[in-house]
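Here is a short briefing to read with the model open beside you. Take a look at the fold, then come back for the details.

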Amino acid sequence: MSSCPRMPAHSPTVGEVVRDLAHRTATGAPAEGVYMDTLNGLAYLRPEPGGCEWTTGPEYVQRLERPRYLVVQHPSRPRANDTVA
């Protein structure tokens, strides 16, 4: 077993729309979401039109073939019950 930590597939910037290879849509395609932040080893994404965030492992975050960005005035902070003390 390697002692090197897993590197993320992609290190996005806040507001970048990315693909989440760990989550699927109803059609079976990988989910896409707006990158908000990484905290406690989890990447926080939210739907483009807005809505509830979800978490995924940073190693499952992938850049889109044609990058697109949304303006994010304030990166979101994870809900208190989602963080590990």
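The points below go from the whole chain to single residues.

This is a predicted model, in which local features need pLDDT of at least 70, side-chain atom pairs count only at pLDDT 80 or more, and totals for chains, interfaces and linings use all residues. Residues are numbered from 1 along each chain as its sequence is written, and side-chain values use heavy atoms, with hydrogens and water left out.

**The chain as a whole**

- The protein chain has five strands and zero helices; these are DSSP runs numbered from the N terminus, with at least two residues (E) for a strand and at least four (H or I) for a helix.
- Of its 85 residues, 33% count as buried, meaning under 20% relative accessible area with a 1.4 Å probe, protein chains only.
- The accessible surface comes to about 5,700 Å², and 55% of that belongs to carbon and sulfur atoms; the areas come from the Shrake-Rupley method with a 1.4 Å probe.
- Among contacts (heavy atoms within 4.5 Å) between residues at least 6 apart in sequence, 49% join residues at least 24 apart.

**Strand β1 and its partners**

- β1 and β2 run antiparallel and are joined by five bridges; two strands pair if DSSP finds at least two bridges between them.
- Five residues lie between the strands in the hairpin of β1 and β2, where G28 takes a positive phi near 95 degrees.
- β1 also runs antiparallel to β5 (residues 61–63), with three bridges joining them.
- R19 stands opposite E32 in β2 and opposite Q62 in β5.

- D20 lies in β1 (residues 17–24).
- D20 is buried yet has no salt bridge, and the nearest side chain of opposite charge, R24, is 8.3 Å away. A salt bridge would need a side-chain nitrogen of Lys or Arg within 4 Å of a carboxyl oxygen of Asp or Glu.
- Beyond its neighbours within four places in sequence, D20 is in contact with residues including P30, L45 and Y60.

**V34 and N40**

- V34 lies in β2 (residues 30–39) and is buried, with a relative accessible area of 0%.
- N40, in the loop between β2 and β3 (42–46), has a positive phi of about 55 degrees although it is not a glycine. Most residues other than glycine have a negative phi.

Conventions. Buried means under 20% relative accessible area, exposed over 50%, partly exposed in between (1.4 Å probe, protein chains only). Lys and Arg count as positive and Asp and Glu as negative; His and the chain ends are not counted.
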